[in-house]
Amino acid sequence: MTAAKLIHTHDLVKTYPVADREFIALKNVNIDIGKGEFAGLVGPSGSGKTTLLNVIGSLDIPTSGSVSVLDHNIGALSHKQAAKLRNHHIGFIFQTYNLLPVYTVFENVEFPLLLLGKGTEERKKMVMDALDWLGLTEKAEMRPAQLSGGESQRVAIARAMVKKPALILADEPTANLDAKNSHHILKTMEKLNAELETTFLFATHDEKVMQYMKRIISLEDGEVVKDETK
Amino acid sequence: MIKFLLIGILRDRSRSLFPILTVLIGTALTVTMTGYMGGVVPDMIQLSSHLDAGHVKLMSQSFYENRHQMPLDLALDDADGLIETLDAQFPDMMWKARTRFGGLLDIPDENGETRAQTTVSALAADLISPNSTELDYLNLRESVVEGALPQDPFDVLIAQAMAKSYAINVGDQVTMMTSTVNGSMSFQNFRVAGMVVFGIAALDKGGAIITDIEGARIALDMNGGSTEILGFFKDDEYNGERALVVSDWVNNNLKDVNDPYTPIALRFEDSNEFGAMMQYMGSFMFIISAVFILIMFIVLWNSGLMNGLRRYGEMGLRLAVGEEKGHIYRTLLLESSLIGIIGTIFGTAIGLIGVWMLQEYGIDLGNMTANTGDGIYYPNVIRGKITPACFYIGFVPGLIAPFLGSLVSGRGIYKRQTASLFKELET
């Protein structure tokens, strides 16, 4: 595997026991995603998009085959090692933002840095840089309940990118947003991808989102049926 | 991270208010109970030692074995000589000869004929010597409510309640009918010098008279003798270990197994079941503390489970961004410790206010303690006392219970499947 390959899967299979049989969620998935890509996993519900994100994000392990993320063999990682990989190198963006309601915007973005053990001054600078990036400087002391949906998702993006991860995994990040906010969010992500070379991997079935993707990997019934780069 | 958790606790009332209130109530009760016991037990020890048991008490072996009959004929026959020996051996102690006896008090009318008779229990102590400290130990200066302190060996003080019942006035003459140490009848006239209210129901409501020991010795024909000798540390602070040294010395050096009148010494806690009572009180406090901890633990355990459900999304997010389960578990324990500290600080403050009120105003339990006896005395008004323990004892249940609660409820984090976090966090 070359250094440029951030994600590499080889004959990845993921099955789940359902009643008395095995449900095959991913079937011999072979993909390579390089550093700085802006790619989307697309497909209908149940096609395996989220399962693949789970495995790549070290939230789950493959049943067979292998997955390598940043030269880490996901199947061989302990819980602690997987947590460390997520903590240092992977950012997550969810459909429902998942901001901590009792903390301010600043504190929500600061949280991953606390886990990394960064010092107070360094944390403050990194959080303010991230908020500046996302145009949220003036919202720093607000609570999530005071923000619009678009602002909340921008805070979630700031939280995901504040530690400058190599990879951001986003599962339906614009599903709860209107067209204008979706556009704004995706443009922001494009900017991050271009300027920081952060690799983005989306899971979506939204046609509008797909327009922004530079590479689209289509999944159906757990199999990669199409992989096209624009 | 501590600051981060503290912010969460302070801002999220549903996370903190109920657990803090639980800890606060538990610690406030613990502190109040401790202060209450801290006041009652020393008061009980001081009163009972001053009135009955001393810090060390000497009796003859035979008198001790039959002490409930108060057999005067088995009293110490050379109490004064024994006190000289003890004074020389233990210069840090004071020794007091006292005699307890019972009899019939005859109350005459204006013609000198018997108007009324009643049984009384009498205490004889050195009341009129210039350097005697018995007036202080028996708290007589403050207890005389009518008349004056005895000035003559044949002056007596009578409990005011009994005096009122029998229409006895200050200056009246009464006759004590009893028996001498030799078993012969004794009739001795006493002048009522004053009336006393001790503020101790067991004494005030009984038929008690107090007289000078020299008068009693004449009446009872026991020159130089007494039924008991009480030893007190000069600092008036009871210390079981020091008392043991004294009682051991007496029992090893003065005791003659062949002499039924040989003196034996008992420490305060060996007299009248005091030791068992103190152990009982210690056990009572331990059980109460354990019950508080158990109740708080169960409540906080359930509260922790409820919080775990309510904060399901937060925990999922923390797992997703790379926080280890063990770290989350430890932060839950740390969070519960912070809740415990906050609750304990406020609970201790409230408990101290409770103890202060008990200390200032007290609770009048005179009717309940009227029948305590057998040498154990409580003041009518039970008072608490702010002791050093009141400031830290609350931290025991206040920290243990929330910690245990989180220790059990927080284990749910280990059952969380990271594999389904994306789905969980998007519903």
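This is a predicted model: local features need pLDDT of at least 70, side-chain atom pairs count only at pLDDT 80 or more; totals for chains, interfaces and linings use all residues.
Side chains of opposite charge can pair when their charged atoms come close. Across all chains, the count of such pairs comes to 33.

In chain A, A:Asp129 and A:Lys125 are joined by a salt bridge, with 3.0 Å from N to O. Both residues belong to helix α4 (residues 120-133) of chain A, and because they sit four residues apart there, about one helical turn separates them. As for cover, A:Lys125 is exposed, at a relative accessible area of 55%, while A:Asp129 has 33% relative accessibility and so counts as partly exposed. Another salt bridge in this chain pairs A:Asp206 with A:Lys208, and here the closest N and O atoms are 3.8 Å apart. A:Lys208 counts as partly exposed, its relative accessibility being 46%.

Over in chain B, a salt bridge brings together the side chains of B:Glu228 and B:Lys57, at 3.9 Å from N to O. How much of each partner is accessible? B:Glu228 has a relative accessible area of 2%, and B:Lys57 has one of 7%. The cut-off for buried is under 20%, so B:Glu228 is buried, and B:Lys57 is buried too.

Chain B also holds a network in which salt bridges share partners, joining B:Asp12, B:Arg15, B:Arg311, B:Glu314, B:Arg318, B:Glu323 and B:Glu335. One of these members, B:Glu335, lies in helix α13 (residues 325-361) of chain B. With a relative accessible area of 5%, B:Glu335 is buried. Leaving aside residues up to four places away in sequence, B:Glu335 touches B:Leu5, B:Ile9, B:Arg15 and B:Arg311.

Back in chain A, six strands form an open sheet with mixed pairing, in the order β7-β8-β9-β4-β10-β11. Which strands are at the edges? They are β7 (90-93) and β11 (223-229) of chain A, each of which pairs on one side only. Going from one strand to the next, the twist averages 15°. Strand β10 (residues 215-220) of chain A runs antiparallel to β11(A), and six bridges join the two. Within this pairing, A:Arg215 has A:Thr229 of β11(A) as its bridge partner. The sheet also has a helix packed on it, namely helix α5 (residues 149-161) of chain A, which touches β7 and β8 (167-171) of chain A. The direction of helix α5 of chain A makes about 170° with that of β7(A).

The element that gives the most to the patch is helix α11 (residues 274-310) of chain B, with four residues. B:Leu294 has its place in that helix, α11 of chain B.

Terms used. Residues are numbered from 1 along each chain as its sequence is written. Chains are lettered from A and ligands numbered from 1 in the order in which they are written. Side-chain values use heavy atoms; hydrogens and water are left out. Buried means under 20% relative accessible area, exposed over 50%, partly exposed in between (1.4 Å probe, protein chains only). Contact means heavy atoms within 4.5 Å. A salt bridge is a side-chain nitrogen of Lys or Arg within 4 Å of a carboxyl oxygen of Asp or Glu. Two strands pair if DSSP finds at least two bridges between them. Axes are lines fitted to C-alpha atoms, for helices over the stretch in contact, and angles run from 0 to 180 degrees between N-to-C directions.
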